[in-house]
Amino acid sequence: FFAARAVVYVALWNALALGAMRRMRPDGGLPPGFAWPALILLFAGTSLAAFDWLMTLEPGWTSTIFGLLVTAGWVLSAAAAALAVAAGRTVLDMTEPLDAPARILLALVCLWAYLSVIQLIVIWESDLASEIPWYLRRSAGGWQWVALGIAILEFAVPFLLLIWRPCRRSRRAVLVAASAILVG
């Protein structure tokens with residue numbers, strides 16, 4: 001049943017990608033009649049896949065925000081990859097077009113960080129024996145340094161760079177912020 005669900009997720013994502021490629025307008029947009037249902041299906045599929053593939057690693061642990069957190073992380077990574085490519089291809093004197101996508105990336109960074117902190121606070125405050133091991137196992141044996149690295153690379157560096165308007169318009173700063181997210 002687990003493998004069948006995995007096949008369904010991958011088939012759904014491929015069908016959405018093919019549908020988007022076929023319906024894309026010359027300006028790069030998608031018709032609204034396709035875009036909003038596709039986003040709902042994509043969100044549902046990624047959330048359920050996150051529950052299946054990641055939460056089952058710790059069977060006693062539960063989180064209602066986990067699917068959204070993982071989906072936000074995937075969207076953040078995809079946006080960072082797209083912006084890194086765009087920043088790498090942008091002509092030196094055309095930095096203005098980077099400002100709007102960099103602001104979107106900043107919003108996604110803040111969303112991902114917010115969801116991560118909220119999950120930590122809820123689990124910390126509830127102090128349930130079934131939930132605490134999730135964080136204890138991920139903060140021992142050297143993993144605390146990995147967590148700190150992720151926090152610095154996926155939040156601190158991009159936030160500090162993208163919060164300042166001149167950096168959002170700088171190819172190099174946007175490329176550094178996007179690359180830090182991808183490395184994190």
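**Surface and overall form**

The model is a predicted one, in which local features need pLDDT of at least 70 and side-chain atom pairs count only at pLDDT 80 or more, while totals for chains, interfaces and linings use all residues. Residues are numbered from 1 along each chain as its sequence is written, and side-chain values use heavy atoms, with hydrogens and water left out.

The chain holds 8 helices and 0 strands, and from the N terminus its elements follow the order α-α-α-α-α-α-α-α. Helices (H or I, at least four residues) and strands (E, at least two) are DSSP runs, numbered from the N terminus. Taken along the principal axes, the C-alpha atoms fill a box of roughly 55 × 35 × 25 Å.

Colour by burial: of the 184 residues in the chain, 31% are buried. Buried stands for under 20% relative accessible area, exposed for over 50%, and partly exposed for what lies in between (1.4 Å probe, protein chains only). Among contacts with a separation of 6 or more, 66% join residues 24 or more positions apart; contact means heavy atoms within 4.5 Å.

Then select the charged side chains. There are 13 positive and 10 negative ones, and the centres of the two sets lie 11 Å apart. Lys and Arg count as positive and Asp and Glu as negative, whereas His and the chain ends are not counted. Each charge is placed at NZ of Lys, CZ of Arg, CG of Asp or CD of Glu.

**First stop: helix H1**

Select residues 2–23, which form H1. This helix has 22 residues and reaches 32 Å from its first C-alpha to its last, close to the 32 Å expected at 1.5 Å a residue. The expected span is 1.5 Å times one less than the number of residues in the helix.

Which residues of H1 are buried? They are Ala6, Tyr9, Leu16, Gly19 and Ala20. These residues lie on the same side of H1, because they cover an arc of only 165° around the axis. The arc is that of the directions from the helix axis to the C-beta atoms. Turn to the other side of H1 to find Ala3, Val7, Met21 and Arg22 exposed. The cover over the buried residues of H1 includes helix H2 (32–53).

**Second stop: the H1–H2 loop and helix H2**

On the way to H2, select Gly28 in the loop between H1 and H2. Gly28 counts as partly exposed, at 42% relative accessibility. A distance drawn from its C-alpha atom to that of Ile104, 76 residues apart along the chain, gives 17 Å.

H2 has 22 residues and spans 31 Å from its first C-alpha to its last, close to the 32 Å expected. Its buried residues are Phe34, Ala38, Gly45, Thr46, Ser47, Ala49, Ala50 and Asp52. What do the buried residues of H2 pack against? Their partners are H1 and helix H3 (66–89).

Move to Ile65, in the loop between H2 and H3. Ile65 counts as buried, at 18% relative accessibility. Beyond its neighbours within four places in sequence, Ile65 is in contact with Leu115, Ile118 and Gln119. From Ile65 to Gln119 the C-alpha distance is 6.9 Å, although 54 residues separate them in sequence.

Leu98 belongs to the loop between H3 and H4. Leu98 is buried, with a relative accessible area of 3%, and its C-alpha lies 8.1 Å from that of Leu83, 15 residues apart in sequence.

Asp99 is found in H4 (residues 99–126). Is Asp99 buried or exposed? At 6% relative accessibility, Asp99 counts as buried. Show the side chains of Arg165, Arg168 and Arg169, which Asp99 touches, not counting residues up to four places away in sequence.

**Last stop: Ala177 in helix H8**

Finish with Ala177, in H8 (residues 171–183). Its relative accessibility is 0%, so Ala177 counts as buried. Leaving aside neighbours within four places in sequence, Ala177 is in contact with Pro158, Leu161 and Leu162. Pro32, by contrast, is 145 residues from Ala177 in sequence and 31 Å from it in space, C-alpha to C-alpha.
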